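Please look at the sequence and the structure shown here, and keep both in view while you read the briefing.

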There are 2 protein chains.
Amino acid sequence: MDEGVVVGVDIGGTKVLAGVVDGEGRVARTALRTTPGRRVATNLVEDAVVAAVLEAADGRSLVGVGVAAAGFVDAAGERVMFAPHLPWMGEPVRNLLADRLGCPVGLDNDANCAARAEARYGAAKDASSALVITMGTGIGGAVLLHGKVMRGANGMTGEFGHMRVVPEGVECECGRRGCWEQYSSGNALVRNARALMADQPSVLMEMSGGSPAHVTGPMVTSAAEKGDLVARQAFASVGDWLGVGTANLVAALDPEIVVVGGGVSAAGDRLLDPARAALRQAVVGAEHRKIPQIVAARLGPLAGMVGAALAARPPLN
Amino acid sequence: MDEGVVVGVDIGGTKVLAGVVDGEGRVARTALRTTPGRRVATNLVEDAVVAAVLEAADGRSLVGVGVAAAGFVDAAGERVMFAPHLPWMGEPVRNLLADRLGCPVGLDNDANCAARAEARYGAAKDASSALVITMGTGIGGAVLLHGKVMRGANGMTGEFGHMRVVPEGVECECGRRGCWEQYSSGNALVRNARALMADQPSVLMEMSGGSPAHVTGPMVTSAAEKGDLVARQAFASVGDWLGVGTANLVAALDPEIVVVGGGVSAAGDRLLDPARAALRQAVVGAEHRKIPQIVAARLGPLAGMVGAALAARPPLN
C-alpha cells in the first residue's frame with residue numbers, strides 16, 4: 001500500500017534539489033534540475049520544481065512538499081518576494097505549487113529551512129535557543145527558539161550579514177558599507193586571499209593559473225589544508241570577524257549555542273577556532289555568563305532540503 | 001474582605017520603588033526607600049525591599065510580589081548574579097524575598113520588566129514582536145515575541161548596548177571598545193555636548209556654571225528645548241546612532257515595532273526623528289520590507305515597577 005511521501009525541495013541559485021525525506025530526516029530518492037535563471041518566465045521555475053518533486057516521489061502519492069528558496073519569503077510563507085537568482089517577485093509560490101502538486105506545500109527561505117533541520121536532527125538539537133549562521137558567498141542565518149524558527153514581521157529575521165560592523169567600511173552588494181558579510185563570508189575569504197597574495201608567496205598563485213582574480217573559496221580551503229600561509233591568514237581573519245559579529249548577536253540574544261553552516265564552514269576548526277577566541281574576547285559579561293559554544297552544522301549541503309521537508313505542512317511553526 | 005494585592009518593586013541604583021498594581025496596570029499606593037548601596041550587607045537591600053512592599057501593601061495580604069532589579073538576573077529568575085549598584089552576587093534573591101514576604105515572588109531585570117509593561121499596557125501592545133530599547137546612562141533592552149520576554153540561555157538577552165559598532169572605537173565601561181552605548185545613550189549625549197561646547201557658544205555653559213564637566217543629560221534635554229544648537233547637535237548624533245544600531249537589530253530580528261524608553265527617550269521626536277531617518281537609510285532590504293516604526297515607550301518611569309508586577313507569579317513566561 002502507498003503510504004505517501006514527504007518531499008523537500010531546495011531551490012538554489014544554480015540547481016533545484018528534491019528528495020524524499022522520512023520522519024527521522026533520512027533522505028531516500030533525490031532528483032536534480034537546473035535552476036532556469038532569473039530572466040525567464042516564472043512558470044519555468046515552477047516546472048523545474050514540479051518535475052524534480054515527481055521524479056523524487058517516483059509515483060508514490062505526496063503527503064506534503066516543503067520548499068526552501070534562496071531569497072526573501074514573506075511572513076505568511078506564501079510568496080517569494082525577491083530572490084537574486086530567480087524570477088519570482090511576489091508570486092504566490094506556495095499556492096501555485098500546491099495547486100500543481102495536489103498536496104499541501106510549505107515555503108520558507110533556505111537559511112530558515114536549514115536551521116529547522118539542525119534543530120530537529122543536527123547541531124541545535126535539544127537547545128532551548130540557537131543562532132544558525134550560514135556562511136556562503138554572504139552570511140545568512142536564523143534564530144531558533146525552542147526548536148522553532150523566528151520568522152519576523154516580514155519573514156526576514158536572520159539577515160545577519162547586513163549588520164554594519166565598520167562605519168564607512170567595505171562596500172556591500174546591498175548598496176551600503178561595512179556590512180558584516182564583507183568581512184566574514186566566502187567572498188571575504190577570497191578577497192582576503194587575493195590581497196595577501198600580492199605580498200606573499202602562495203600555492204594559490206599556481207592553483208589559480210597565476211591569476212588572483214581566478215581564486216575561489218574552495219581553492220582557499222584546499223590551500224589552507226596544504227599549509228599555505230596566505231590561505232590560513234585569510235581564514236584567520238574571516239574567523240576572527242565571525243567571532244566579533246557573533247559576539248554582537250550573543251549580546252542581543254543570549255543563545256544557548258551557535259551553529260555555523262554553509263560552504264565556508266567546511267573548513268571546520270580552521271574557521272571556528274579563531275571565531276571562538278574572538279567571541280570570548282568580544283562578548284559582554286563573559287564573567288557572568290556561560291559563553292555559547294560555536295559548533296559546525298551537521299547536516300551539510302542537504303540541510304536546506306531536509307529542513308524544507310519539515311516545513312511541508314503549513315502553517316509554518 | 002481583603003482580596004489581597006500584587007506589588008511590583010523596582011530596585012534601581014538610587015531608590016527602591018514599590019507599588020500596588022492592579023490587573024489593568026494601574027498603580028495605587030506606592031512606597032519609596034533609598035537603595036543602601038553596593039558595599040553593604042546584602043540583607044540591608046532585602047530589608048529595604050520588604051519595608052517598601054509592606055508600606056505599599058498597607059496591611060492588605062500579598063497575592064504576589066514582582067521584583068525588577070537593575071542587574072543580571074539568572075535564566076531561572078532566581079538569583080541576581082551581579083548589579084553595579086547592589087551588593088548581590090549570586091544570592092537567591094527570589095527565594096529569600098518569598099520567605100520573608102510569605103508569598104510568591106517573581107524576579108527579572110529592569111529592562112525585561114519594563115518591556116513586559118509596554119507589551120501588556122503600552123507601546124508594544126498587540127505587536128507580534130518588538131524590540132524595547134532602554135536608553136539611560138547606557139543602553140539596555142528586551143526582545144518581545146508574542147508579548148513574552150525572551151530571556152536567553154543566561155537570562156541576558158537584550159544587552160544591546162554592548163554590540164560593537166566601531167572597531168577600536170570609544171572605550172567602554174565594560175572594558176572593550178566601540179560599544180553602541182558609547183555613541184547612543186545618556187552618557188554619549190553628555191559627552192557629545194561637552195565636546196561641542198568647546199567650539200560653539202551654548203546655554204549649557206551658563207547652565208553648568210561655566211564647567212562642561214558639570215553638564216548632565218537633563219540639562220542637555222532642557223537646552224535643546226530652548227533651541228540651543230549644541231544640545232540639538234548632541235541629540236542629532238545620539239539619535240542617528242540609535243537608528244544605525246537599531247538597523248542592525250532589525251536586520252537580525254525583523255521586529256514589528258521598536259519601542260524606545262529610558263530617561264533619554266523623554267526627548268521624544270528630537271531623539272526619535274533622526275533615529276527613524278537613520279534606520280530607513282541603514283536597514284537591509286528596505287524595498288522588500290515594512291520598516292518597523294520607532295515609537296516612544298508609554299509607561300515612563302513606572303514601567304519597571306508595573307512590569308515587575310506582571311512577573312509576580314513565577315515561573316517567568
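Predicted model: local features only at pLDDT ≥ 70, side-chain atom pairs only at ≥ 80, totals over all residues.

Residues are numbered from 1 along each chain as its sequence is written, chains are lettered from A and ligands numbered from 1 in the order in which they are written, and side-chain values use heavy atoms, with hydrogens and water left out.

**How the two chains are related**

- Chain B is superposed on chain A by a rotation of 180° with 0.0 Å of shift along its axis, at an RMSD of 0.0 Å, where the superposition is by least squares on the C-alpha atoms of residues with pLDDT of at least 70 in both copies.
- That is the relation of a two-fold axis.
- The same surface serves both copies, since 100% of the contact residues of chain B recur in chain A; contact means heavy atoms within 4.5 Å.

**The sheet E3-E2-E1-E4-E7 of chain B**

- Helices (H or I, at least four residues) and strands (E, at least two) are DSSP runs, numbered from the N terminus, and two strands pair if DSSP finds at least two bridges between them.
- In chain B, five strands form an open sheet in the order E3-E2-E1-E4-E7, with mixed pairing.
- Strand E3 (27-34) and strand E7 (105-109) of chain B are the edge strands, each pairing on one side only, and the twist averages 15° from one strand to the next.
- Strands E1 (residues 5-11) and E2 (residues 15-21) of chain B pair in the antiparallel sense over five bridges, and Ile11(B) stands opposite Val16(B) in E2(B).
- Helix H2 (residues 93-101) of chain B packs on the sheet, where H2 touches strand E4 (62-69) and E7 of chain B, and its direction makes about 145° with that of E7(B); such angles run from 0 to 180 degrees between N-to-C directions, with axes fitted to C-alpha atoms, for helices over the stretch in contact.
- E2(B) and E3(B) run antiparallel and are joined by six bridges, with Leu32(B) in E3(B) as the bridge partner of Leu17(B).
- These two strands, E2(B) and E3(B), form a hairpin with five residues between them, and Gly25(B) in the turn has a positive phi of about 80°.

**The sheet E10-E9-E8-E11-E12 of chain B**

- Another open sheet of five strands in chain B has the order E10-E9-E8-E11-E12, with mixed pairing.
- Strand E10 (148-149) and strand E12 (293-296) of chain B stand at the edges with a single partner strand each, so one side of each is left without a neighbour in the sheet.
- Strands E8 (residues 129-135) and E9 (residues 139-145) of chain B run antiparallel and are joined by seven bridges, and Ile133(B) stands opposite Gly141(B) in E9(B).
- Helix H7 (residues 229-253) of chain B packs on this sheet and touches E8, E9, strand E11 (257-261) and E12 of chain B, its direction making about 150° with that of E8(B).

- Helix H1 (residues 42-57) of chain A has 16 residues and reaches 23 Å from its first C-alpha to its last, close to the 22 Å expected at 1.5 Å a residue, where the expected span is 1.5 Å times one less than the number of residues.
- Asp58(A), which follows H1(A), has a positive phi, near 55°.
- Val49(A) is found in helix H1 of chain A and is buried, with a relative accessible area of 0%; buried means under 20% relative accessible area, exposed over 50%, and partly exposed in between (1.4 Å probe, protein chains only).
- Leaving out residues up to four places away in sequence, Val49(A) touches Val9(A), Ile11(A), Val16(A) and Leu97(A).
- Val49(A) and Ile11(A) are 38 residues apart in sequence, yet 7.9 Å apart in space, C-alpha to C-alpha.

**The nonpolar core**

- The largest nonpolar core has 98 residues, and those with the most contacts inside it include Phe160(A), Leu204(A), Phe160(B) and Leu271(B); such a core is a set of buried Ala, Val, Leu, Ile, Met, Phe, Trp, Tyr and Cys residues joined through side-chain atoms within 4.5 Å.
- Leaving aside neighbours within four places in sequence, Leu271(B) is in contact with residues including Met135(B), Phe235(B), Leu242(B) and Val264(B).
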